[in-house]
Amino acid sequence: MLVLRNINFRRGATPILTNFNLELGAGETCALLGPSGVGKSTLLALTCGILSPDSGSIHVEGEDLTALSPSARNAQRASTMGIVFQNLSLMSALSVTDNLALAGRMAGAEDTNDSQAQQLLSALGIEDVAGRKPRHLSRGQAQRAAIARALMGQPKLILADEPTASLDAAWRDKAIACILSHRDTHKSTVLITTHDPAVAQHFDRVIELQAAQAA
Amino acid sequence: MKLVLAHITDRPMAALLNIGLIAFTSALLMALTAVTMHVSNRFERDMAGIDLVVSAKGSPLQIILSSLFHVDAPTGNVSVDAVEGLMRDPLVKQAIPIATGDRFRGFRVVGTTPAYLALYGAEAATGEASIGEEEAVAGAAAASATGLQVGQRIAISHGLGGEDGPEHAAHPLTIAGVLKPTGTVIDRLILTNIEAVWEAHGIHDDHDETHDHEHDDDEDHAEEMASEPSDQAREPEYTALLIRYASPLAAIRLPQKINTQGTLMAAVPAFESARLLNLFGAGRETLAIVATAFAALGAFAIFAGLWSALNQREHDIALFRLLGASKSQVIRLLVLEGALVAGLGGLLGWAVSRVFLWRLASTVPTLGDSGLRLFATSSPELLIMAATLILGALAALPAGLRAARLPLERALG
């Protein structure tokens, strides 16, 4: 499902990733563990095509993202990936419900929007703030809304950057349970970053990143 | 579309400002266009079939305004004898006399001949379109405003301006019919036989017969009519003669011939109305320039609003692209937003222009009575609406192009 091969990436003169390799099959889950600045978020940004590696290849469902045009990469991302960014990344002008609906529509799964959105919001305990705009949410509510948004449209690959950073232990476990439940239902591949070993323990594989990682 | 609406409602004050600017501009332009077209069309309808108006010496524009459009005081009267030769002139196909100077409850009473009714295609809505002896017909607007009905006897009053003057109570007229609306000047007139006007003023016609003077082929009638709005004069007089040329040659020779005579003046309706529209046009052009300046300001406001909002919105735009939106979708998003704001402004402007026209029609009765249709939207007005949409879209385009080039990394932080 996801194959990263010999990924090299530098910021200026500083190497962030060196000959990084990772292979995850359908339904497999993986947590990238490590301190801040080690390149976890960069690795996710490379995986979803926001950044391009200096060298190496990234295959998602057999398609080499590095060989695709920007528009084809966009389409591939929309149809296969659900992404949770560290900064939450909800559309500020839209309500939580509309954020979810837009994500579902962009993923081409309009028919399941309403029911799926309701289920996700209930599972994450934010159904009562469904009509609010992101600026009227607490950080924890916004984080859960971002997770719900990423799961809309049944993505084959879920990428989540510190998805539980703003959640207390109870909601942290529920959020992880929600992601893994989605994996069970849709055989999705899950790749997350975290600095929390309590989160990482729920995943099939845990990769601890160090500076200029060569896995 | 939902995302576009969300972006507009997310910045309500900025959107309202832009919509207000565009609404003001389009309202001004649409109202100007509607009034200009209405006046121009109305002039054309009122002038239909009349090539020349002859009256006492004075301002030619005043002659046209008073004797054709019935909105000004006449320059004076002309004696029947003075125009007798003119009515027999072979260059004249038809000469319709009118006598003005009286009114009924604010509406002008015009003494004339049946040919005047035929000229404007008058048909009776009730009763008959007949102006026989001591008979009158009321135009649609005049009847509606005064409540005149068939069979009603009325006493007309002397004078054209201010309050109704002394009544000619000894010479009442009977309403023979109420006319259907024609969209012409006769809608707000009360028409009667020309002798009835003379009788009301104590003038007795010593001419054999009174009707319009028309040359058909070689037939040459010499009937005359006269009017006397002024009680001092005892000889029958006309206020004006409405003339149709017998040939194109008359257009060159007749006005010159009349104007060289001592007491008469010929005014060409087409020329004078064009002059009037030009005078009106100067003001209109000034307003149009002001409106265009506001349109440019409105477009700039849309551009500046979207451009500056882009700084706050770049995270949303980048996220939209991360969700799979193409660059062209991003451009369409902003262009649609600009067009929608301008379109809402245009619609609001149309509504405001209608309120303005309604107020104008109430304030200027001549305009109101002349059939100004508030809810009819002309092609030029639709073009103005379309232009506002295009203007809004074009103003948003630079912001759209900039948004499409935003790096996706903006979604991360």
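Chain B has 12 helices and 15 strands. Helices here are DSSP runs of H or I of at least four residues, strands are runs of E of at least two, and both are numbered from the N terminus. The model before us is predicted: local features need pLDDT of at least 70, side-chain atom pairs count only at pLDDT 80 or more, and totals for chains, interfaces and linings use all residues. Residues are numbered from 1 along each chain as its sequence is written, while chains are lettered from A and ligands numbered from 1 in the order in which they are written.

Of the 413 residues in chain B, 46% are buried. A residue is buried if 20 or more other C-beta atoms lie within 10 Å of its own, exposed if 12 or fewer, and partly exposed in between, with C-beta atoms placed from the backbone. Two residues are in contact if their C-beta atoms, placed in that way, lie within 7 Å. Among contacts in chain B between residues at least 6 apart in sequence, 77% join residues at least 24 apart.

I turn to chain A, which has seven helices and nine strands. Buried residues account for 48% of its 215 residues. Taking contacts in chain A between residues at least 6 apart in sequence, 70% join residues at least 24 apart.

How do the two chains meet? In total, 18 residues of chain B are in contact with 19 residues of chain A. On the chain B side, helix H1 (2-10) and helix H9 (269-322) are the elements that give two or more residues. The largest share, five residues, comes from H1(B). That side of chain B divides into nine nonpolar, four polar and five charged residues. Here Ala, Val, Leu, Ile, Met, Phe, Trp, Tyr, Cys and Pro count as nonpolar, Asp, Glu, Lys and Arg as charged, and the others, Gly among them, as polar.

Next, the cores. A nonpolar core is a set of buried Ala, Val, Leu, Ile, Met, Phe, Trp, Tyr and Cys residues joined through C-beta atoms within 7 Å. The largest has 115 residues, and Ile147(A), Leu159(A) and Leu323(B) have the most contacts inside it. Helix H2 (residues 12-47) of chain B gives the most to this core, with 13 residues. A second, separate core of 69 residues includes Met87(B), Ile98(B), Ile203(B) and Ala267(B).

Which residues does Ile147(A) contact, leaving aside its neighbours within four places in sequence? They are Val84(A), Leu124(A), Pro163(A), Ala175(A), Cys178(A) and Ile179(A).

Let us now consider helix packing in chain A. The axes of H5(A) and helix H6 (residues 169-186) of chain A come within 11 Å and cross at roughly 5°. Axes are lines fitted to C-alpha atoms, for helices over the stretch in contact, and angles run from 0 to 180 degrees between N-to-C directions. H5(A) is therefore roughly parallel to H6(A); angles under 35 degrees count as roughly parallel, over 145 as roughly antiparallel, 65 to 115 as roughly perpendicular and the rest as oblique. Ile147(A) is one of the H5(A) residues in this contact, and Trp171(A) is one of those from H6(A).

Finally, Pro134(A) lies in the loop between helix H4 (113-123) and H5 of chain A. Is Pro134(A) buried or exposed? Pro134(A) counts as buried because it has 21 C-beta neighbours inside 10 Å. Pro134(A) and Ser92(A) are 42 residues apart in sequence, yet 5.7 Å apart in space, C-alpha to C-alpha.
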